[in-house]
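Let's walk through this model together, one element at a time. Keep the viewer open as you read.

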Amino acid sequence: MKFNTSLKNLLLIIFAVFALSACSTAKKGDQTSGDVYTGTETVEYLAKGVPDRVFFATNKSSLTTAARETLRKQATFLRKNKNLNITIEGHADERGTREYNLALGERRANAARDYLMTYGISGKRISVISYGKERPVNTASTPLAWSQNRRSVTVKVN
Amino acid sequence: MKKIIILIIFFLSFSKLNALIEVDITRGNLDPLPIAISPLHVDIKSELIDGLKVKDLGGDISKIIEKNFKSTGLFNPLKKDAFVQKPDIAHLKPRFEDWRLIKAQALVTGKIIISDGKLKVEFRLWDLTASKEMLALAFTTTPTNWRRVAHIISDKIYERLTGEDGYFDTRVIYVAESGPKNQRVKKLAIMDQDGANTKYLTLGNELVLTPRFNPSNQLVTYLSYFRNLPRVYLLDIETGTQEVVGNFPGMTFAPRFSPDGKKIIMSFAKDGNSDIYTMDLDTRVVERITEHSSIDTSPSYSPDGNYICFNSDRSGLQQIYVMKSDGSNVKRITFGDGIYGTPVWSPRGDLIAFTKVRKGRFYIGVMRSDGSGERLLTENFYQEAPSWSPNGRVLVFYRETKSGPKGEGFSAKLWSIDITGYNERKISTETDASDPSWSSLLSK
C-alpha cells in the first residue's frame with residue numbers, strides 16, 4: 001500500500017515533468033525551429049498569401065524549406081507582375097561584429113535572389129542591399145528578436 | 001580644419017642623466033606615480049585675446065594636463081589645494097623638500113606669456129626625488145590653440161617619464177548615433193582625444209559606418225549608404241571633399257588605409273561573396289587579394305605593410321587569418337573556443353587586437369601576430385571594434401548597453417582600456433557613439 005502510493009506519486013511527478021516539457025517545446029515550436037523564426041509576427045505581404053521575408057539560422061545563409069516555399073510564392077507573384085522590380089534587403093542580428101554582419105546580410109540577400117532566379121525571375125529585376133545589423137525589426141535582446149532580425153526582405157521598387 | 005603649426009622655440013635645458021623616477025607602462029600600475037601639476041603662471045593678467053581670458057589659461061592648461069595624466073592610470077595628479085608654492089616661484093626653482101612633503105615625486109610648472117598676439121607657453125618637469133630639472137620646453141602658437149599646447153606638453157612629459165611616445169595630441173573619429181535602434185541616425189564625428197572640440201562631418205541623411213584615418217590624419221575612409229548604395233568613400237577633413245573610391249558593381253565595405261597611406265584595402269561583395277581587394281589611390285588600380293567562397297573581411301595591414309590580418313569564415317565560423325600582403329601564405333591564427341572578428345594590427349607591430357564572441361559574451365582582447373598569447377582584456381554583453389592608440393598601449397572600442405530585455409534604454413558609448421587589462425574608462429561624447437578610430441600623433 002505504502003509502496004503503491006509512492007509509485008503513484010512518482011508517476012505523477014513524471015507526468016508533470018513531461019507535461020511541462022511538452023508545453024515548453026510546443027511554445028518554442030510555435031515561433032522558431034532550430035533557431036530559425038517560423039512565426040508571422042513581423043511578416044508583411046507583397047500580395048495576399050505572399051510573405052515578403054524569409055528567416056535564417058545564426059551565421060547561416062542557407063534557405064530552409066519554409067524559406068524556399070515563401071520564395072517560390074514570391075517567384076509566382078513576380079512572374080504575374082512582369083513590370084515589377086524588387087530589392088532584396090539582407091539583415092543580420094545584433095550578435096555579431098558589424099563588418100562580418102554586412103557580409104552575412106549580403107550573402108543572405110543573394111541566397112534569396114539566386115533562388116528566385118532559378119524560378120525564372122531575371123536577375124535584372126532584382127537588386128540586393130545588405131544592412132548588416134543596422135536595421136533590426138525587433139530591437140529587443142532576446143533569442144526571439146534575433147531570430148526575427150536574421151532575415152531577407154523582398155521590397156517592391158516600383 | 002585649419003592647419004596648426006606649433007614651433008618649439010627653445011630648449012631651456014635637458015638633463016642627460018637618467019632620471020630616478022620612471023614609470024613602467026608595460027604592466028598594470030597599481031601604484032600610480034604622484035605628480036603635482038602646478039597652475040601655469042600668467043605673466044600678463046586680465047587681457048582678452050581672441051576672445052580668451054588669458055588669466056584663466058594658466059589654470060585651464062594645467063587642468064587639461066592633469067586630466068590627461070589621470071586618464072592614463074599610471075599617474076596620480078595631486079590635489080592643488082595642497083600645493084605649497086606659488087606658480088611663478090615654483091617655476092623658477094621649486095623648494096624640492098616642500099613638494100616632497102606632499103608626497104609628490106614629479107612636478108610640472110609653467111609660465112604663459114602673450115606677446116605680439118601670440119601665446120607662448122613654457123613648462124618644466126622636475127624630478128623631486130633627485131631634486132633636478134628633467135625637461136624644459138616652450139611653445140609659441142596662436143592663442144586659440146591653447147588646448148593643443150596642453151596636449152603637446154602632456155605628450156612631452158609622458159615621453160620623458162615613460163620612455164614611450166605619448167598619445168594626447170590626437171583625435172578620434174567615430175560614428176555619432178541618435179534615435180531609436182531600428183531607425184538609428186548616424187553621422188561622422190571627430191573630436192580631440194579627451195572629448196573636446198566635437199565636429200560633425202556628415203548631416204545624418206544617410207547611414208555611415210566604420211570611419212578610419214589615414215597616417216597623416218587628413219583623410220578618412222568610411223562606408224556610406226549614399227543613394228542607398230553602400231560604398232567605400234574618402235573624405236578630406238580639411239577641405240570637406242568626399243569621393244567614392246570603392247565604386248564597384250556591388251557593396252564595398254570594411255575599408256582601411258595601408259600604413260603608407262597610398263592604398264585602401266577593403267571588402268567587395270560580388271554575387272554575395274565578400275573578398276578582399278586593394279585600390280591604389282593615385283593610379284586607381286584595383287588588385288584582388290583573396291579569392292575564396294567564404295566571407296573575407298575586416299582586413300588590417302601590419303605596420304611594415306608586409307602582412308594583412310583579416311576575418312574569414314572559411315573554416316565554418318568567423319576566425320582570424322594572416323597572409324602576406326599579396327594574398328599568399330594564408331594562415332589561420334585563432335583556434336580558441338568561440339568566434340573571432342575585427343582584427344587590428346598594433347602600430348608597434350607586436351600584437352593584434354580583436355573581438356571575441358563566446359557563449360553570448362563579447363570580449364576585446366590582444367594576441368601576438370602568430371595567434372599565441374591571447375589575453376582577453378574586457379568582457380561585456382556587446383562590444384567590438386578596437387582601435388589602437390598611436391603608441392600601441394591603449395585600445396578604444398565601443399560598447400552597447402540596454403537597461404531592459406525589450407531593448408529599453410539602448411545606448412552606445414566609447415570606452416578605452418590599457419592593453420594591460422587595467423584602467424577601463426568611458427569616454428564622454430556629446431551623443432551616443434560607435435566605430436572609433438584613433439588618429440596618429442598630430443604633431444609628428
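Two strands pair if DSSP finds at least two bridges between them; helices (H or I, at least four residues) and strands (E, at least two) are DSSP runs, numbered from the N terminus. The model is predicted, so local features need pLDDT of at least 70 and side-chain atom pairs count only at pLDDT 80 or more, while totals for chains, interfaces and linings use all residues. Residues are numbered from 1 along each chain as its sequence is written, and chains are lettered from A and ligands numbered from 1 in the order in which they are written.

With that in hand, look at strand S31 of chain B, residues 411-418, which forms three antiparallel bridges with S32(B). Across this pairing, Leu414(B) faces Ile427(B) of S32(B). Both strands belong to an open, antiparallel sheet of four strands in chain B, ordered S29-S30-S31-S32. At its edges lie S29 and S32 (425-427) of chain B, each pairing on one side only.

Now turn to the contact between the chains, where two residues touch if their C-beta atoms, placed from the backbone, lie within 7 Å. Chain B contributes 33 residues and chain A 23.

Finally, find helix H1 of chain B, residues 54-72. After H1(B) comes Gly73(B), with a positive phi near 75°.
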